[in-house]
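Here is a short briefing to read alongside the sequence and the 3D view. Take a look at the structure first, and then we can walk through it together.

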Amino acid sequence: MIENRHPIPRGAFHSFAQFSTAQLPILKHAFVLLLIAMGKILGVVNQKGGVGKTTTAINLAASLAIEGLKILLVDCDPQANASSGLGFQRDDNRHSIYDVLMGDASAEQVILPTQLELLWLLPGSKNLTGANLELAAASDRAGRLRQALLPVQASYDLVILDCPPALDLLTLNALVASNSLLVPMQAEYFALEGISELISNLERVRSAFNPTVTIEGVLLTMYDDRTNLAQQVTETLREYFRDRLYRTVIPRNVRLAEAPSHGKPVVLYDPRSKGTEAYFELAGEYLARNGIESPRAKQRKAAGALHPEKLDKSVRFWPYS
Ligand SMILES: Nc1ncnc2c1ncn2[C@@H]1O[C@H](COP(=O)(O)OP(=O)(O)O)[C@@H](O)[C@H]1O
Ligand SMILES: [Mg+2]
């Protein structure tokens, strides 16, 4: 075990996350449909840059869309990497989430279709940098995103928010709008640095704005299991996060890094890559943890019952069966 030099007391995350750690029981069918119909909002947050938030937001969104869920990806980062990663290069004339937050456009007016039939994008823009300042004195400055998404969220099975690498007003808006949070991190020695800050911010958000926000999970990204250090850090993280640490880990994979420069999620850039497989596995774990059977899973099941010999075993879904 590596020495514990992290500032968070053991179990802090877990006790903080007590509202969220209860595993959902296998949900009754109608209730599942109701949950899906309600349109859940999943924030992908970590104030550290370069931990895989955008890569996760794009590729989880794409995998779930291919699984048959209707997904809206919202790019809340002034760097707009989620937008360019889906092929929308910088365009100062295009409306973005900035206009929506400022009350100059509705979300519906700004949402764009993508190369995947069931994936939609609410693009970001460089203007968002100004939103932090411009919203500072505004009324309901923390609840703008939540309000903006209200009219559209029921049209999607899931809304995914890609957050900036900062604990700023934009991230605060995302925390307030989210029903649950996915925290990507790298298995490095200082992985927990900054997490105590994120957690105390979450506590404040919970008590002031959004008492029901839960931790969906913590996801290890850019994982290299050849190193002992990665394995030791994983053990430490599992002690802190317990069942909130996702079993799926995203390996370091060059295709994941290349895909955004082609404006595509990895599944369209290289469907056979390890990165594609990992993000499908993540989608499978997300669906399983939330008791959701995707439309594609239903089709696979039906096809398997009719033609067991045709069951496609090439892509594995968690939990493996
Ligand atoms: N699993 C991975 N394997 C290889 N490169 C990755 C992986 N995940 C992310 N990257 C690359 O690492 C960099 C940071 O990732 P990104 O998703 O943009 O992080 P964040 O949004 O947290 O700042 C990007 O260049 C991205 O392409
Ligand atoms: Mg990013």
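How many aromatic pairs does the count come to by the ring rule? The count comes to one aromatic pair, where rings of Phe, Tyr and Trp (its six-membered ring) pair if their centres lie within 6.5 Å, and planes under 30 degrees apart count as stacked, over 60 as edge-to-face and the rest as tilted. The rings of tyrosine 240 and phenylalanine 241 have centres 6.5 Å apart and planes at 50°, so this pair is tilted.

Before going further, a word on the model: it is predicted, local features need pLDDT of at least 70, side-chain atom pairs count only at pLDDT 80 or more, and totals for chains, interfaces and linings use all residues. Residues are numbered from 1 along each chain as its sequence is written, chains are lettered from A and ligands numbered from 1 in the order in which they are written, and side-chain values use heavy atoms, with hydrogens and water left out.

**Overall fold**
- The protein has 15 helices and eight strands; these are DSSP runs numbered from the N terminus, with helices (H or I) of at least four residues and strands (E) of at least two.
- Of its 321 residues, 53% count as buried, with buried meaning under 20% relative accessible area, exposed over 50% and partly exposed in between (1.4 Å probe, protein chains only).
- Among contacts (heavy atoms within 4.5 Å) between residues at least 6 apart in sequence, 81% join residues at least 24 apart.

**Around ligand 1**
- Ligand 1 is surrounded by 14 residues, each with a heavy atom within 4 Å of it; the closest are Gly50, Lys53, Thr54, Thr55 and Pro251.
- Helix H3 (53–66), strand E8 (245–251) and helix H12 (254–258) each supply at least two shell residues, and H3 gives the most, with three.
- A nitrogen atom of ligand 1 is 2.9 Å from a polar backbone atom of asparagine 253.
- Taken alone, ligand 1 exposes 550 Å², of which the protein buries 77%.

- Serine 63 sits in helix H3 and is buried, with a relative accessible area of 2%.
- A polar side-chain atom of serine 63 lies 2.8 Å from the backbone oxygen of asparagine 59.
- Leaving aside neighbours within four places in sequence, serine 63 is in contact with Tyr279, Phe280 and Ala283.
- Helix H9 (residues 169–177) is mostly covered, with nine of its nine residues buried; among them are Leu169, Asn173 and Ala177.
- At the start of H9, a side-chain oxygen of aspartate 168 reaches to within 3.2 Å of the backbone nitrogen of leucine 170.

**Two further spots**
- Tyrosine 240 and phenylalanine 241 are both buried.
- Alanine 154 is in the loop between helix H8 (144–153) and strand E5 (158–162), and alanine 154 is exposed, with a relative accessible area of 54%.
- The C-alpha atoms of alanine 154 and lysine 40 are separated by 8.2 Å, although these residues are 114 apart along the chain.

Definitions and conventions: Polar contact = N/O pair within 3.5 Å; in protein donor to acceptor, adjacent residues only side chain to side chain. Areas by Shrake-Rupley, 256 points an atom, 1.4 Å probe, with all protein chains shown as cover.
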